[in-house]
Amino acid sequence: DKQRLLALRSNLDAAIDLHEMLSLLLRQAMETSGAEAGAVALVDHEQDELVLHTFEGFSAEVKPTLQSDPRQRWSIHNGLAGQAAISQRALLVRDVTVEPGLHAASAGLHAELAAPIIINTATAAVLILSIPRSDAFGEDELAFVRALCARAALPLSRALRYHEAIENALYLGQVFSNLPTGLALIDINGKVLRSNPAWDLL
């Protein structure tokens, strides 16, 4: 497991795209733990919600809901993933179908494991793993996922900053293009490097 963590750390460090990084994390967690379904949700602290980002292995009747656009959201106060996010502890339930307040993410799934990824004392994301057999997850799987999430904290922090920078750049680009006032970026030689549509009409 230590060798797998070291190899994954190298791969995670190389992944700067948020979706690529989380997909890699989920895939490795499922392969190592034996989980048949899994997901990663980001935490929206302003809304107190979990936001589904990537998932694998869920049944056909569940996928249309998971693939809804905008991304599926649910209260951080619901489910095992929410408990893991709030408590900042990896949690294991042998059978979610018999636990009050919990429910299986898909038909036939019983055991569920949820672990937080913590950045600067705040839960940034939650890794969720599920499997039909109630005895499938044990202390070894729980310890591995806990270590995996700790390893993922720094790469996730970097990927989130990169994602935010891209979104900000796109937003500023849209604002620049839609301004009614003509604007242009001009170099020291007077050459127009970039302009918005209103500038072109001057």
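Trainee: Which strands form a hairpin, and how many residues lie between them?

Mentor: In this predicted model, S5 and S6 make up a hairpin, with two residues between them. Asn 120, in the turn, has a positive phi of about 50°.

Trainee: How many bridges join S5 to S6, and do they run parallel or antiparallel?

Mentor: Nine bridges join S5 to S6, and the two strands run antiparallel. Within this pairing, Glu 112 stands opposite Ser 130 in S6. Glu 112 itself belongs to strand S5, residues 111-119.

Trainee: Which strand does S6 also meet through six bridges?

Mentor: Strand S1 (residues 37-44) is joined to S6 by six bridges, again in an antiparallel arrangement. Here Ala 41 stands opposite Val 126 in S6.

Trainee: Why is strand S6 described as largely enclosed by the rest of the structure?

Mentor: Burial is judged by relative accessible area, with under 20% counting as buried. Nine of the ten residues of S6 (residues 122-131) are buried, so the strand is largely enclosed by the rest of the structure.

Trainee: Is Glu 112 buried or exposed?

Mentor: Glu 112 is buried, because its relative accessible area is 8%. Its C-alpha atom is separated by 7.2 Å from that of Ile 128, 16 residues apart along the chain.

Trainee: Which side chain does Ser 157 join through a polar contact?

Mentor: The side chain of Ser 157 has a polar contact of 2.8 Å with that of Arg 161. Ser 157 is located in helix H5, residues 139-178, and is buried, with a relative accessible area of 14%.

Notes: Residues numbered from 1 in each chain as written. Predicted model: local features only at pLDDT ≥ 70, side-chain atom pairs only at ≥ 80, totals over all residues. Heavy atoms only, no water. Helix = DSSP H or I, 4+ residues; strand = E, 2+ residues; numbered from the N terminus. Buried < 20%, exposed > 50% of the residue type's maximum accessible area, 1.4 Å probe, protein only. Polar contact = N/O pair within 3.5 Å; in protein donor to acceptor, adjacent residues only side chain to side chain. Pairing = 2+ DSSP bridges.
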